[in-house]
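Keep the viewer open as you read.

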Amino acid sequence: MKKSVFLGALTVAGLAAAAAAAGTVDDVKARGKLNCGVTTGLVGFAAPDANGEWNGFDVAVCRGVAAAVLGDPAAVEFVPTTGKTRFTALASGEIDMLARNTTWTFSRDVDLKFTFVGVNYYDGQGFMVPKDLGVSSAKELDGATVCIQTGTTTELNLADFFRSNNISYEPVPIETNAEAQQQYLAGACDVYTTDASGLAATRATFEDPAAHVLLPEIISKEPLGPLVRHGDNEWGDVVRWTLNALITAEELGVTSANIGEMAAGTNNPEINRLLGTEGTLGEMLGLDAEWAKRAIMAGGNYGEIFAKNIGEDTPIGLARGLNAQWTEGGLLYSPPFR
Amino acid sequence: MTTITDPPRQSFQLSMLLNDTRYRSFTFQAIALILLIVAIAYLASNLARNLEQAGLNISYEFLRNPAGYDINQTLIPYDSQSSNLQAAWVGILNTLLVAFLACITATVLGVVAGVLRLSNNWLVSKLMSFYVEIFRNIPVLIWIIIIFTIMTAVLPAPRAFRGDEPAASMLFGSFAFTNRGIYIPGPQLANPLFAATALNWVLVLLVLVGSSFGSRALSRWATAKQEATGLRPTTWYWTLAIWFVPVVVLLAIMGLSWEYPALKGFNFSGGIKIGGPLIALWFALSVYTGAFIAENVRAGIQAISKGQTEAAASLGLRPGRVMNLVVLPQALRVIIPPLISQYLNITKNSSLAIAVGYADITATLGGITLNQTGRAIECVLLLMLFYLTISLAISFVMNIYNNAVKLKER
């Protein structure tokens with residue numbers, strides 16, 4: 001018994017050393033599967049459907065990367081992570097990338113040694129309360145019991161907001177979104193707070209969504225984006241430019257419907273560079289010329305992914321808002337493909 | 001004439017390390033020890049190298065930084081600007097609180113169930129074996145979650161107490177059972193003797209300890225009298241007086257009054273709140289561990305030979321006295337050692353608190369602080385140190401007790 005534990009520990013230690021040495025791109029190619037960390041289930045962002053197939057806004061990023069690197073959007077192993085386990089999973093090499101509505105902050109970037117490759121959703125922290133509570137502003141929440149997902153930036157924002165407004169509250173720390181939903185609906189807490197997009201997604205799954213309101217205050221900036229480990233810049237570039245390819249495709253009007261005809265060649269050189277008919281961008285990235293084409297074909301461009309998973313026609317019903325292209329007054333602004 | 005001489009002293013040779021049974025075991029133990037040290041050193045250096053490669057280091061600086069988060073049950077002053085160290089202390093006290101409460105209730109429950117399981121009454125003994133088998137064969141985490149879920153689902157939310165015709169009302173107008181916890185009246189001192197509230201209660205506690213010594217002395221005096229004269233003087237009213245008069249007088253001087261919980265805004269305020277997570281955890285740990293203790297108690301009682309019971313009965317002792325005066329005192333020496341491990345289990349199992357959002361040390365230092373600072377190794381090492389210290393302390397205290405009750409061999 002003792003011996004087997006000991007040998008096991010040695011093996012783990014050995015594997016950890018090996019994982020740190022090789023490049024992630026090569027690892028993923030050799031494995032034939034991308035290990036992508038997602039939430040344990042947040043409808044619209046990442047949740048398995050009735051067939052066990054993962055779907056959602058964050059899932060689409062994983063599928064895009066898998067399509068770009070491996071040529072198959074289905075070659076993804078989705079690893080559900082909680083707010084607490086996600087960083088350990090990424091740092092230890094259990095997952096290759098994390099696409100789990102994770103806020104880009106200074107300390108996560110600098111101190112935890114992660115590289116945020118971009119922002120796929122500009123969010124802010126909001127509050128949801130039952131309508132019959134008669135609350136119209138977060139500043140009226142003095143003395144309220146607040147459900148909050150533990151280990152998130154929202155936990156710290158919440159403490160700051162109530163302190164700066166000189167009102168008190170009682171936190172109820174919760175591990176997962178599903179648990180929070182149960183506690184909130186049972187009335188064990190008056191308020192549920194998390195990113196406004198997450199609140200909208202959670203409310204959409206309620207039996208009676210109209211009985212709950214989102215308060216107008218947005219108390220923080222929450223740029224959510226995919227992230228990878230520090231120290232493997234090639235892999236970071238692959239994920240970063242896959243995300244940028246999805247955003248640029250929308251800007252340039254490349255959709256999953258017209259990509260076939262556009263890939264035959266257009267008079268717009270940037271589209272040609274993006275889709276690999278001109279220049280050697282794919283080669284520079286260590287991939288083939290059609291990487292971006294495959295990423296876009298996996299689930300459509302950024303706009304299509306948004307509309308399909310969390311847009312206004314879905315039960316979640318989020319407007320583009322800050323997440324519109326810069327040409328339409330939003331913040332999405334991909335660096336040029338050149 | 002023969003003389004017996006010592007066999008010639010054989011000089012030590014290196015081959016004897018393997019061939020001579022006197023030395024062989026030492027050789028292998030030394031080899032095993034060296035291998036173990038090498039393995040640990042390898043793992044440690046691997047850790048250090050990987051950390052260095054990732055650009056990380058081991059540092060406890062973060063303990064001094066503000067924690068930034070709030071905690072719902074704090075026994076000592078704490079706010080979001082307090083340090084991570086203070087948050088850890090809050091967690092430690094919460095762990096100790098729930099462990100202490102659960103140890104007491106589990107012991108009471110276990111002793112009662114263990115004794116009743118041996119009852120001659122078929123229904124009682126079967127009910128108790130039912131309790132034992134159900135509770136110890138389902139993981140404690142499941143019990144914690146079941147109890148917590150039932151509590152939140154069955155008990156009314158505070159807002160059900162509002163309005164002219166509320167859906168729920170308070171018991172005796174002073175106890176509110178809500179799905180966030182139970183609110184009970186809290187004692188208030190109108191003219192305390194010390195500025196710090198805690199000191200007043202320490203004073204009350206000291207008076208109670210004094211009373212307990214007083215009543216012990218009284219009972220010793222009564223025993224001495226009984227042995228001298230054969231008649232035991234009636235002392236129960238003196239005992240009552242010793243217990244109650246000093247405390248009541250002290251509390252009257254300090255002006256004790258009760259503060260009743262009342263619905264204010266979103267929640268009840270005033271009085272004392274026993275949070276739902278604490279109740280769920282306390283209750284689950286008690287009934288789960290109580291089932292194990294019941295088995296220990298049963299084993300202890302059955303280890304006492306039947307002759308003892310029969311001898312005691314033939315002296316004319318009633319069954320209750322046989323149990324209390326003859327069987328249980330002897331059974332204790334069998335019960336105590338496994339009881340120590342049950343207490344350790346309670347303390348360690350209390351780390352499941354995170355499942356219901358109870359802010360114990362695993363939830364504050366090992367949960368939120370770890371997560372917000374990313375200092376996983378440091379936090380986990382501290383956690384290990386804490387649980388080790390607490391467990392060793394419990395073992396130490398219980399071993400002292402064990403030495404007091406174990407069979408005295410003279």
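## The nonpolar core

The largest nonpolar core of this predicted model contains 155 residues, and those with the most contacts inside it are A:C62, A:V65, A:C147, A:V191, B:I144 and B:L281. Such a core is a set of buried Ala, Val, Leu, Ile, Met, Phe, Trp, Tyr and Cys residues joined through C-beta atoms within 7 Å. Buried means that 20 or more other C-beta atoms lie within 10 Å of a residue's own; with 12 or fewer the residue is exposed, in between it is partly exposed, and the C-beta atoms are placed from the backbone. Helix α8(B) gives this core its largest share, 14 residues. At least three residues also come from each of domain 1 (23–122 + 224–328) and domain 2 (125–220) of chain A. As background, nonpolar side chains in soluble globular proteins tend to be buried together.

Beyond its neighbours within four places in sequence, A:C62 is in contact with A:L34, A:C36, A:V38, A:V76, A:F78 and A:A99. Contact here means that two C-beta atoms, placed from the backbone, lie within 7 Å.

## Reading the model

Residues are numbered from 1 along each chain as its sequence is written, while chains are lettered from A and ligands numbered from 1 in the order in which they are written. As this is a predicted model, local features need pLDDT of at least 70 and side-chain atom pairs count only at pLDDT 80 or more, whereas totals for chains, interfaces and linings use all residues.

## Where the chains and domains meet

The contact between the chains takes 34 residues from chain A and 32 residues from chain B. On the chain A side, α1 (2–21), α4 (86–91), β9 (144–149), α6 (153–164) and β10 (169–174) each supply at least two residues. These helices (H or I, at least four residues) and strands (E, at least two) are DSSP runs, numbered from the N terminus. The largest share of that side, 6 residues, belongs to α1(A). By class, the side has 17 nonpolar, 9 polar and 8 charged residues. Ala, Val, Leu, Ile, Met, Phe, Trp, Tyr, Cys and Pro count as nonpolar, Asp, Glu, Lys and Arg as charged, and the others, Gly among them, as polar.

Within chain A, the domain assignment gives domain 1 (23–122 + 224–328) and domain 2 (125–220); such bounds come from an automatic or database domain assignment. The C-alpha centres of these two domains lie 29 Å apart. Their contact takes 18 residues from domain 1 and 16 residues from domain 2, and the domain 1 side divides into 8 nonpolar, 9 polar and 1 charged.

## Strands and sheets

Chain B has an open sheet of 3 strands in the order β1-β2-β7, with antiparallel pairing. Strands pair if DSSP finds at least two bridges between them. The edge strands, β1 (176–178) and β7 (272–275) of chain B, each pair on one side only, and the twist averages 15° from one strand to the next. Helix α8 (residues 276–302) of chain B packs on this sheet, touching β2 and β7 of chain B, and its direction makes about 55° with that of β7(B). Axes are lines fitted to C-alpha atoms, for helices over the stretch in contact, and angles run from 0 to 180 degrees between N-to-C directions.

In chain A, strand β8 (residues 125–130) is mostly covered, with 5 of its 6 residues buried. β8(A) pairs in the antiparallel sense with β11 (residues 191–195) of chain A over 4 bridges, and A:Q125 stands opposite A:D195. Another 3 bridges join β8(A) to β12 (residues 212–214) of chain A, also antiparallel; there A:P130 has A:H212 as its bridge partner.

A:A67 sits in helix α3 (residues 57–70) of chain A and counts as buried because it has 26 C-beta neighbours inside 10 Å. Its C-alpha atom is separated by 9.0 Å from that of A:K293, 226 residues apart along the chain. B:N349, in helix α10 (residues 319–349) of chain B, is buried because 21 other C-beta atoms lie within 10 Å.

Most residues other than glycine have a negative phi. A:K113, however, has a positive phi of about 65°, and phi of A:N166 is near 60°. A:K113 is partly exposed, with 17 other C-beta atoms within 10 Å, while A:N166 counts as exposed, with 8 C-beta neighbours inside 10 Å.
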